Amino acid sequence: MARKFLYLIAAIILLILGAGVVYQLFPGWIARVAFVPSADFEQQAAAAPNAYDDPAMWFARPGLADDPTAWRPDPDGAVTPGPDSAEAQSGDQLLPPAGAADASAPAFPKGNAAVFFVHPTSYYSKSSWNAPLDDADANHRAGLFMRGMASAFADAGEMWAPRYRQATLGAFLASDRVTAGKAIDAAYRDVEQAFDAFVAAIPANKPVILAGHSQGALHLTMLLKNRVAGTPLAKRIVAAYIVGWPVSVDTDIEAMGLPACQNPGQKGCILSWATFAEPADPEMVLGAYDGTIGFDGRPRADTRMLCTNPLTGTPDTVATADANIGTLKPVDGFKAGSLVPGVIGARCDEERGLLLIGDANVAKDYAPNYVLPGNNYHVFDITLFWANVRADVLRRLASFEGKPSPVPPAAAPAETPTS
């Protein structure tokens with residue numbers, strides 16, 4: 001009996017090892033089998049013209065209860081910053097008060113901007129190409145993502161985050177790009193309609209901040225091209241944070257009608273980055289981020305991608321860990337978290353347009369699970385730099401309004417690569 005048990009254990013170990021080898025050799029195939037819908041694409045009915053007048057169509061908007069973007073991490077991290085670190089010099093004005101669970105007691109009054117945030121993919125089912133608006137699992141994940149990501153933008157002003165019939169994760173992995181494109185385009189139409197309702201609902205002179213991650217960032221690129229570029233609204237854009245989606249410096253920037261941000265005080269510009277640890281292997285990434293193929297699998301005609309270092313607020317720069325004033329350390333499955341300063345630096349790889357954080361071990365306590373193949377820290381593009389992103393937003397808003405910045409200056413770029 002004991003020998004049979006040992007044989008069973010050995011067989012299980014071999015199966016696990018075999019599965020691991022298959023996953024390492026064929027991650028794209030495994031992902032397609034796991035996530036790409038086998039069902040036919042079904043064209044969605046257009047939302048009613050006034051659909052987004054209904055507060056129920058929003059995860060966040062002014063006056064809405066249970067706003068996930070109102071959450072704030074505890075600033076009391078496990079690492080005490082040194083006396084010369086950027087965090088120590090900034091004092092406590094850069095961080096929310098300890099234990100602040102909502103926006104009722106911010107470190108200073110909220111800014112006067114309106115923030116339009118589009119959440120990343122949270123629907124992973126194979127049952128349909130687009131998420132039903134009432135899918136409980138997708139909505140739960142979207143709420144968690146917005147707690148960790150959208151909260152970094154929320155002190156700049158009132159938050160607006162729409163529900164939309166997002167494309168399922170498998171749409172970004174599918175070999176059938178025609179069907180996948182239909183699902184992505186259908187999701188965009190919801191976002192565009194929500195954006196039109198957002199613009200109509202806010203005062204005509206209110207500054208606007210655009211932010212999104214992954215699929216949400218993709219939809220923002222289209223919004224900029226279709227609804228902002230060449231319009232009076234472009235002059236009201238404080239900044240557009242296109243995070244976790246490749247932005248071509250050579251083609252995308254011009255079409256979106258705003259320049260890439262070149263310094264941390266610049267207004268009316270675009271920021272973008274995609275985070276990897278080293279050794280980075282973009283060709284292993286689900287959806288293939290290799291410069292010639294975007295995350296959506298669509299061929300790209302160029303290889304020069306925008307990389308804004310969120311620690312300096314400037315592109316193609318290096319910053320040591322001391323410049324990081326607060327990495328969000330998730331607790332209890334992202335239901336809670338604290339900010340830990342001075343642990344993760346970052347540098348832009350100019351050749352591939354990747355943001356590199358050094359050896360993967362440096363982030364293991366701040367990115368539990370969900371690290372994608374190729375050392376891709378896609379899920380943590382914002383949380384690894386949470387306090388710096390928050391400061392960047394507030395700094396650019398102050399510049400836009402011609403007011404003194406409520407936060408200290410951004411860290412100067414380092415001259416040597418981060419470890």
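Let me start with helix α5, residues 177–201: its 25 residues reach 36 Å from the first C-alpha to the last, close to the 36 Å expected at 1.5 Å a residue. The expected span here is 1.5 Å times one less than the number of residues. Helices are DSSP runs of H or I with at least four residues, strands are runs of E with at least two, and both are numbered from the N terminus.

Before going on, the ground rules. This is a predicted model, in which local features need pLDDT of at least 70 and side-chain atom pairs count only at pLDDT 80 or more, while totals for chains, interfaces and linings use all residues. Residues are numbered from 1 along each chain as its sequence is written, and side-chain values use heavy atoms, with hydrogens and water left out.

Back to α5. Asp176 caps its N-terminal end, with a side-chain oxygen 3.3 Å from the backbone nitrogen of Val178.

Now the whole chain. There are eight helices and 14 strands. Of the 419 residues, 53% are buried, meaning under 20% relative accessible area with a 1.4 Å probe, protein chains only. Taking contacts (heavy atoms within 4.5 Å) between residues at least 6 apart in sequence, 75% join residues at least 24 apart.

Next, the disulfides, defined as pairs of cysteine sulfur atoms within 2.5 Å. The count is two, and with the bonded cysteines numbered in sequence order, the pairing is 1-2, 3-4.

Cys261 is joined to Cys269, S to S 2.0 Å. The angle about that S-S bond is 90°, a right-handed link. Both Cys261 and Cys269 are buried.

Cys307 is joined to Cys348, S to S 2.2 Å. This link is left-handed, with -85° about the S-S bond. What does the pair tie together? Cys307 lies in the loop between β7 (275–278) and β8 (308–309), and Cys348 in strand β13 (residues 346–349), so the bond connects parts 41 residues apart in sequence. Cys307 is buried, at 1% relative accessible area, and Cys348 counts as buried at 8%.

Last item, His378. Where is this residue found? His378 sits in the loop between β14 (354–359) and α8 (386–401). Is His378 buried or exposed? Its relative accessibility is 11%, so His378 counts as buried. The His378 side chain makes a polar contact with the side chain of Ser214, at 2.8 Å. A polar contact is a pair of N or O atoms within 3.5 Å; within protein, one must be able to donate a hydrogen and the other to accept it, and residues adjacent in sequence count only if both atoms are side-chain atoms.

Technical notes: Buried < 20%, exposed > 50% of the residue type's maximum accessible area, 1.4 Å probe, protein only.
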